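The sequence and structure are shown first.

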Amino acid sequence: MKAKIWTSLVILMLTIFLGAAGYNAWRLLTAEETAAKLIGVGAVLVVALGVWVLLRELLFGLGSERLGRILAEEGGLPEDTVERSPGGRPNREQADEQFRRYATAAEATPEDWRSWFRLSVAYDVAADRARARKTMRKAIQMQRAEARG
């Protein structure tokens, strides 16, 4: 719950920032000077990029949360059995073992989004955030395709 509150605050602040930047971009676009109009075009591009990134990340978060709910209902969420230090760092040997187990499962059932979801969690525990996100995106896409067809 605490994470959702912070996420909502960040989204709100980013939305306010993008709104203000969009307003200023509009003011620059309607100015008479050519240089101001060019800066306005650049500002519009930055705002558009910001909106795209915000939407992409929101959809990623909603998608991963949806998959987590589905797995929870099925009783298939991965168990967090990795011990942590007082600072929160996972036990490396346990994290590596968990990763190997979920990687083997994903290789054995490459068409199952559930195995990719679990592998994503294992990547996250192993502190490989880039691969965790990439793998979660794959799980989300696979589950959407499964639901459609």
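Leaving aside its neighbours within four places in sequence, which residues is Ser120 in contact with? They are Ala132, Thr135 and Met136, where contact means heavy atoms within 4.5 Å.

The model is predicted: local features need pLDDT of at least 70, side-chain atom pairs count only at pLDDT 80 or more, and totals for chains, interfaces and linings use all residues. Residues are numbered from 1 along each chain as its sequence is written, and side-chain values use heavy atoms, with hydrogens and water left out.

Ser120 lies in helix H4; helices are DSSP runs of H or I with at least four residues, numbered from the N terminus. Its relative accessible area is 4%, so Ser120 is buried. Buried means under 20% relative accessible area, exposed over 50%, and partly exposed in between, with a 1.4 Å probe and protein chains only. The side chain of Ser120 reaches the backbone oxygen of Ala132 at 2.7 Å.

Ala132 is one of the buried residues of H5, which also include Thr135, Met136 and Ala139. What covers the buried residues of H5 includes H2 and H4.

**The nonpolar core**

A nonpolar core is a set of buried Ala, Val, Leu, Ile, Met, Phe, Trp, Tyr and Cys residues joined through side-chain atoms within 4.5 Å. The largest one has 17 residues, and Trp116 and Met136 are among those with the most contacts inside it. Helices H2 (34-74), H3 (92-108), H4 (113-125) and H5 (129-148) each give two or more residues to this core. H4 gives the most, with 6 residues.

Beyond its neighbours within four places in sequence, Trp116 is in contact with residues including Ala106, Pro110, Ala139 and Met142.

**Aromatic rings**

Phe99 and Tyr123 form a tilted aromatic pair, 4.8 Å centre to centre with 55° between the planes. Rings of Phe, Tyr and Trp (its six-membered ring) pair if their centres lie within 6.5 Å; planes under 30 degrees apart count as stacked, over 60 as edge-to-face and the rest as tilted. Phe99 lies in helix H3 and Tyr123 in helix H4, so the pair ties together parts 24 residues apart in sequence.

Two charges sit over rings, meaning that CZ of Arg, or NZ of Lys, is within 6 Å of the ring centre and within 35 degrees of the ring normal.

| Charged residue | Ring | Distance to ring centre |
|---|---|---|
| Arg101 | Tyr102 | 5.2 Å |
| Arg133 | Phe60 | 4.3 Å |

Definitions and conventions. Polar contact = N/O pair within 3.5 Å; in protein donor to acceptor, adjacent residues only side chain to side chain.
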